[in-house]
There are 4 protein chains.
Amino acid sequence: MTDFVPTPTVPAPDIVRCAYMEIVVTDLANSRAFYVDVLGLHVTEEDENTIYLRSLEEFIHHNLVLRKGPIAAVAAFAYRVKSPAEVDAAEAYYKELGCRVERRKEGFTKGVGDSVRVEDPLGFPYEFFYDVEHVERLTQRYDLYSAGELVRLDHFNQVTPDVPRGRKYLEDLGFRVSEDIQDSDGVTYAVWMHRKQTVHDTALTGGNGPRMHHIAFATHEKHNIIQICDKMGALRISDRIERGPGRHGVSNAFYLYILDPDGHRIEIYTQDYYTGDPDNPVVTWDVHDNQRRDWWGNPVVPSWYTEASLVLDLDGNPQPVVVREEKSEMAVTVGADGFSYTRKTEGEGAGAVEQKTGFKLGAQL
Amino acid sequence: MTDFVPTPTVPAPDIVRCAYMEIVVTDLANSRAFYVDVLGLHVTEEDENTIYLRSLEEFIHHNLVLRKGPIAAVAAFAYRVKSPAEVDAAEAYYKELGCRVERRKEGFTKGVGDSVRVEDPLGFPYEFFYDVEHVERLTQRYDLYSAGELVRLDHFNQVTPDVPRGRKYLEDLGFRVSEDIQDSDGVTYAVWMHRKQTVHDTALTGGNGPRMHHIAFATHEKHNIIQICDKMGALRISDRIERGPGRHGVSNAFYLYILDPDGHRIEIYTQDYYTGDPDNPVVTWDVHDNQRRDWWGNPVVPSWYTEASLVLDLDGNPQPVVVREEKSEMAVTVGADGFSYTRKTEGEGAGAVEQKTGFKLGAQL
Amino acid sequence: MTDFVPTPTVPAPDIVRCAYMEIVVTDLANSRAFYVDVLGLHVTEEDENTIYLRSLEEFIHHNLVLRKGPIAAVAAFAYRVKSPAEVDAAEAYYKELGCRVERRKEGFTKGVGDSVRVEDPLGFPYEFFYDVEHVERLTQRYDLYSAGELVRLDHFNQVTPDVPRGRKYLEDLGFRVSEDIQDSDGVTYAVWMHRKQTVHDTALTGGNGPRMHHIAFATHEKHNIIQICDKMGALRISDRIERGPGRHGVSNAFYLYILDPDGHRIEIYTQDYYTGDPDNPVVTWDVHDNQRRDWWGNPVVPSWYTEASLVLDLDGNPQPVVVREEKSEMAVTVGADGFSYTRKTEGEGAGAVEQKTGFKLGAQL
Amino acid sequence: MTDFVPTPTVPAPDIVRCAYMEIVVTDLANSRAFYVDVLGLHVTEEDENTIYLRSLEEFIHHNLVLRKGPIAAVAAFAYRVKSPAEVDAAEAYYKELGCRVERRKEGFTKGVGDSVRVEDPLGFPYEFFYDVEHVERLTQRYDLYSAGELVRLDHFNQVTPDVPRGRKYLEDLGFRVSEDIQDSDGVTYAVWMHRKQTVHDTALTGGNGPRMHHIAFATHEKHNIIQICDKMGALRISDRIERGPGRHGVSNAFYLYILDPDGHRIEIYTQDYYTGDPDNPVVTWDVHDNQRRDWWGNPVVPSWYTEASLVLDLDGNPQPVVVREEKSEMAVTVGADGFSYTRKTEGEGAGAVEQKTGFKLGAQL
């Protein structure tokens with residue numbers, strides 16, 4: 001682990017929150033049907049190549065940009081910073097890091113002004129902006145409120161081979177850790193990091209990367225998420241429900257993972273907790289705790305561990321994927337090589353019973 | 001299939017609803033902890049050998065009797081009939097059927113009066129009673145209302161090898177079919193049958209039997225069921241969550257299956273539909289439709305198909321289990337021998353594309 | 001009270017449930033906007049004069065007919081009976097009662113066949129039918145499921161001056177009482193009566209009548225009702241929310257009362273309880289109990305007591321309204337002439353403290 | 001309005017959030033029954049004079065201190081600051097403001113360390129602290145999760161005569177306005193102000209003050225709030241439900257107001273929106289908009305406008321109450337002197353129809 005990211009001497013940009021993701025989709029009509037007709041995101045603006053979408057309670061131009069292109073991938077993870085000057089700060093920060101940086105006063109997407117995009121040290125296309133067009137916040141437009149309404153963009157999730165390296169980079173950038181998954185050998189499998197006062201604005205999942213694991217939208221209540229499942233059943237696309245619904249151990253949120261027509265993963269998420277205090281307690285989970293990923297012990301499907309979206313460099317070419325060298329969470333927790341437990345060893349000390357109790361392996365034949 | 005149950009010449013007893021189940025448990029304290037402390041059923045009365053439990057909105061003495069005994073099993077599936085005279089009718093009916101019948105004016109369980117118990121043609125211990133002690137209906141005792149409150153007994157589910165034979169027997173007894181699962185060869189895998197105006201008072205699941213598949217309690221809303229999962233996670237007994245939560249295809253109910261300390265299966269269930277009209281449409285599901293058991297296509301765990309509780313004869317001895325000879329639902333839908341689809345063949349006629357689309361097989365390594 | 005309805009010597013028709021209401025509206029487009037666009041009822045069929053609507057889980061042609069006409073009123077309270085022969089029974093029954101009766105083999109509304117309509121002893125236009133066109137039951141059409149979805153017709157509510165007389169008439173007709181409101185002088189203010197296994201198919205509210213107090217549709221959960229309020233706020237028609245949402249004392253249901261463009265009152269209702277046992281306990285409420293109408297003690301607005309819709313005779317003319325001679329619930333419970341209490345007298349016997357405690361009078365200036 | 005608060009030259013303390021309130025109650029056992037048995041707040045610690053309570057997801061020692069005393073009143077509105085140094089900043093800030101200031105290294109309440117309390121320019125007892133004992137965060141203790149669980153302290157609400165003066169004072173202190181209520185004459189009736197990323201940490205309500213209007217706790221979902229009403233009905237204390245449940249116009253939250261045994265007002269609150277962006281749009285409501293206080297137009301009871309709790313000075317004596325000189329929201333919106341509308345004037349300019357449409361006046365006789 002010699003490849004740690006150096007900490008720049010200039011201040012990190014003051015990030016407010018994750019704000020939008022730009023994704024490339026291969027069939028815009030199919031993607032529109034999914035995000036607008038099935039999920040009910042609101043169209044701020046669209047043309048033949050691009051659709052700008054937002055969640056109900058958003059007041060900035062968009063939370064998601066669908067852009068037509070030849071290869072399904074992610075073009076940008078965009079963060080809003082606290083002021084116009086922070087865009088300058090971002091530019092200086094990444095330049096000092098030796099990253100490729102591109103500044104556009106007119107922005108990279110409609111509705112967004114002065115922005116900087118970078119190829120960050122982990123290989124992800126990060127964007128920072130402050131200037132943005134305000135649009136109607138639909139919070140009280142209950143005449144538009146669908147039974148499975150998505151009300152906020154909640155977070156990103158990124159796959160990267162070296163989680164401690166990524167964690168240090170994001171901590172330098174001002175993110176704070178809320179939770180992580182480790183084992184007793186000190187291997188970190190995943191980490192959740194935030195700027196706004198929720199469990200995360202982004203998370204790092206250990207795996208081959210850089211890749212985009214998922215983007216998450218929040219609903220108000222749990223029944224809204226169940227309705228999304230029910231609707232996907234009614235539309236006979238239940239095979240696009242990948243995992244859940246369930247209750248996360250990490251974050252405590254009620255969740256669902258679904259796949260868009262290109263296989264980009266979307267999480268629907270509700271009810272994590274407040275993290276705004278400076279000494280917010282960090283929660284560390286044992287990778288062998290079978291309730292860490294699903295509080296009810298329901299098994300994680302393998303695709304959730306292995307599949308993710310490519311990310312693009314600033315020229316629009318896919319970043320090469322680097323293989324994770326450390327242990328894989330899937331391998332250490334399931335199957336012949338792994339184990340999990342529902343309850344910890346009973347007792348402690350000399351007489352302790354080494355009885356890590358069984359867990360539900362979803363052996364579905 | 002020569003072994004059809006004859007239809008008696010005397011009238012069937014007029015059954016109102018499934019009313020209670022008597023189960024034998026091997027450790028009464030453990031079972032009390034599960035049903036009272038975890039699930040929150042209300043104790044009407046208890047002594048050192050027996051606990052009488054009811055759901056919040058019940059006004060009869062009990063919906064569940066836990067009796068201490070050497071072998072975990074079911075002692076009675078008890079139905080309430082419309083009047084005292086219908087207990088006579090039940091006695092006459094089963095006598096003509098040639099079944100073993102036992103009448104007790106003082107009842108078989110506390111709080112219940114004149115009753116008849118039978119070993120029915122399928123080998124199940126059925127009870128019929130009218131007289132019962134009324135107790136406080138706790139409907140508006142919101143001071144006792146837990147976050148995962150069970151408000152009504154909803155139904156029984158029985159495993160029997162020959163579903164069409166069982167269906168005919170129950171139809172003769174006055175039950176009406178609401179839904180079933182078949183295949184194109186005419187094999188019936190399961191059938192749902194009701195007296196009260198819900199999808200079922202009991203269901204027959206094809207398999208080795210007679211065995212008890214589960215007993216189901218209803219909650220008011222879906223979040224109540226989620227709370228039960230969350231609580232089992234908090235108590236680190238998530239390995240007793242067997243399947244779900246999910247949305248059933250059959251019945252449309254939101255469901256959860258959990259296991260008591262003896263492995264007796266409990267379903268928590270909410271929001272099926274009204275079936276009280278005489279021409280209520282019967283819904284037949286294709287066994288290969290991957291949304292029939294779970295509307296979201298989540299896989300059914302094998303244990304759900306294979307495990308069930310023994311049932312007792314009137315002497316308290318376990319009934320021998322007869323092996324199902326027809327095809328098994330598990331075998332025809334998953335694995336090397338089976339298949340399922342999420343969407344049916346596209347198009348019809350000569351140009352139809354024979355494209356039964358894939359389903360989620362829960363291959364969890 | 002000499003005017004009791006005689007009990008016929010012929011059997012009453014076997015009624016299954018309340019099935020639909022036909023109402024006359026003065027502006028069909030306005031009413032369509034309300035019932036279809038705001039409330040989301042599903043259009044089975046419509047023409048320039050009439051709209052046939054049903055709830056999500058209904059499989060018969062309609063639950064509500066909107067017919068254009070000069071005077072807002074109710075043309076029929078229609079019940080489904082158990083078989084075609086029961087329509088004959090209804091005709092004979094009302095003929096013996098001396099009521100005006102009209103039989104139409106082709107039905108009075110589209111989708112319904114052989115029917116009989118009567119001017120019943122209380123002056124209400126009752127209809128009885130069995131034959132009806134089956135339509136798609138939308139139960140699992142979650143792609144159509146709105147956030148405030150109405151899933152079932154639940155009940156009617158009728159205003160009549162002499163509640164005991166009406167109660168006897170309906171009991172003779174086969175309805176069973178679930179709850180009522182009385183005072184210590186033996187005055188009955190209202191009564192709830194059912195055929196299906198819920199708290200009511202219809203209720204009688206003491207007041208000037210015959211008039212239609214409301215028709216009620218059920219939702220699955222409480223949040224669906226809250227969404228209807230939120231949507232009416234968003235549409236700036238909150239002044240059409242008359243009362244609620246709240247929790248009923250009587251029936252225990254979560255409720256909301258709203259007014260259609262003609263002032264016809266609609267209740268949205270969820271989660272009453274099972275009443276199907278023959279000895280289902282009857283609940284009698286004291287008229288002075290301030291939690292009887294709203295379990296939270298929130299005041300009933302006067303219009304809810306005083307306003308109701310006219311009903312039509314079989315020629316389509318409004319029935320004359322007869323004034324209630326007994327005490328009015330509003331007068332005995334609020335204001336200078338009335339009183340209510342939240343808690344009963346403390347203690348009993350000689351030393352009892354006559355301390356009926358105060359209640360929330362909604363004196364809004 | 002000459003009495004504006006001067007802006008200090010030293011920096012304001014960096015406040016994180018509202019953290020706890022200390023209230024004086026006259027009967028500790030009664031208050032315990034209310035806050036612990038009815039509302040289910042969790043006891044961190046208690047002795048014969050004081051009870052320290054926290055909400056489910058809290059990790060600091062308490063959110064509410066109940067202290068036994070002769071006069072029901074509020075002893076402190078306590079805010080957490082970002083670091084120990086910010087307590088120094090608070091001390092300096094208020095000293096420069098000329099306020100009475102008391103610093104206690106050992107804290108004013110158990111579990112809290114170095115703190116400063118002040119009599120602020122509006123007459124309120126404000127506290128600032130950083131050091132605090134961490135306790136078990138019960139977030140995933142679903143075994144303790146009640147049906148009406150309070151999960152977070154959300155905000156305070158203070159009554160003050162001069163709202164613009166108070167607003168300036170709080171803006172100087174670093175609070176940002178999210179919403180307010182004004183009229184066309186420029187009178188401000190109330191203002192909502194936040195530090196954390198919700199609609200408010202505190203709000204100012206125009207009226208005779210300084211007084212404490214309410215303290216608010218958040219639930220996860222709306223049904224949790226309904227359960228609190230249902231439980232208060234079951235306990236026959238529905239007369240302690242003062243207002244609601246309802247949907248706020250301001251903040252968009254679902255709300256309920258209840259009264260503790262001393263008349264201290266508690267709000268139960270859920271689902272407002274994210275306010276963390278620097279340019280979060282401020283919403284200004286017209287005082288005559290009948291949906292501002294309740295989105296469904298349900299009337300505000302007069303007591304909600306007129307009643308509030310006394311606040312104490314640093315010697316424990318009640319602060320004198322100063323009468324508001326500006327117009328009262330109640331007077332301008334209801335009754336002979338006021339008016340409200342549900343929909344605005346139709347059209348604009350010369351031909352505009354001056355048709356402010358009616359609203360629901362809760363004339364309950």
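How many salt bridges does the rule find across the interface of chain B and chain D? The rule finds zero salt bridges there, in a model that is predicted.

**Chain B against chain D**

The contact between these chains takes 14 residues from chain B and 14 residues from chain D, and about 1,000 Å² is buried between them, with 64% of that area on carbon and sulfur atoms. Three residues, Y142(B), D143(B) and H223(B), supply 41% of the area that chain B buries against chain D, which is more than any other three residues supply. On the side of chain B that touches chain D, the residues divide into five nonpolar, four polar and five charged.

**Chain C against chain D**

Here 38 residues of chain C are in contact with 38 residues of chain D, and the area buried between the two chains is about 3,300 Å², of which carbon and sulfur atoms give 54%. The rule finds six salt bridges across the interface of chain C and chain D; in one salt bridge the side chains of D289(D) and R236(C) meet, with 2.7 Å from N to O. The count of residue pairs in polar contact between chain C and chain D is 20, again with both residues at pLDDT 80 or more.

The values for the two interfaces can be set side by side.

| Chains | Buried area | Share on carbon and sulfur atoms |
|---|---|---|
| chain B and chain D | about 1,000 Å² | 64% |
| chain C and chain D | about 3,300 Å² | 54% |

**A sheet in chain B**

Within chain B, an open sheet of eight strands has the order β2-β3-β4-β1-β5-β8-β7-β6, with mixed pairing. Its edge strands are β2 (42-46) and β6 (100-104) of chain B, each of which pairs on one side only, and neighbouring strands of the sheet are turned by 20 degrees against each other on average, direction ignored. Strand β1 (residues 15-25) of chain B is joined by eight bridges to strand β5 (residues 73-81) of chain B, and the two run antiparallel; in this pairing, M21(B) has F77(B) of β5(B) as its bridge partner. Helix α1 (residues 28-38) of chain B lies across β1, β2, β3 (50-54) and β4 (64-68) of chain B, and runs at about 160 degrees to β4(B).

**A hairpin in chain A**

In chain A, strand β2 (residues 42-46) and strand β3 (residues 50-54) run antiparallel and are joined by four bridges. The two strands, β2(A) and β3(A), form a hairpin with three residues between them, and E46(A) stands opposite I51(A) in β3(A).

**Backbone details in loops**

In chain B the peptide bond from G209(B) to P210(B) is cis, with omega near 10 degrees, and P210(B) lies in the loop between β12 (202-206) and β13 (211-218) of chain B. In chain D the peptide bond from G209(D) to P210(D) is cis, with omega near 10 degrees, and P210(D) lies in the loop between β12 (202-206) and β13 (211-218) of chain D. In chain C, S251(C) has a positive phi of about 85 degrees although it is not a glycine; S251(C) is found in the loop between β14 and β15 (254-259) of chain C.

How values were computed:
Residues are numbered from 1 along each chain as its sequence is written. Chains are lettered from A and ligands numbered from 1 in the order in which they are written. This is a predicted model: local features need pLDDT of at least 70, side-chain atom pairs count only at pLDDT 80 or more; totals for chains, interfaces and linings use all residues. Side-chain values use heavy atoms; hydrogens and water are left out. Contact means heavy atoms within 4.5 Å. Buried area is the accessible area (1.4 Å probe) that two parts lose on being put together, summed over both. A salt bridge is a side-chain nitrogen of Lys or Arg within 4 Å of a carboxyl oxygen of Asp or Glu. A polar contact is a pair of N or O atoms within 3.5 Å; within protein, one must be able to donate a hydrogen and the other to accept it, and residues adjacent in sequence count only if both atoms are side-chain atoms. Two strands pair if DSSP finds at least two bridges between them. Axes are lines fitted to C-alpha atoms, for helices over the stretch in contact, and angles run from 0 to 180 degrees between N-to-C directions. Ala, Val, Leu, Ile, Met, Phe, Trp, Tyr, Cys and Pro count as nonpolar, Asp, Glu, Lys and Arg as charged, and the others, Gly among them, as polar.
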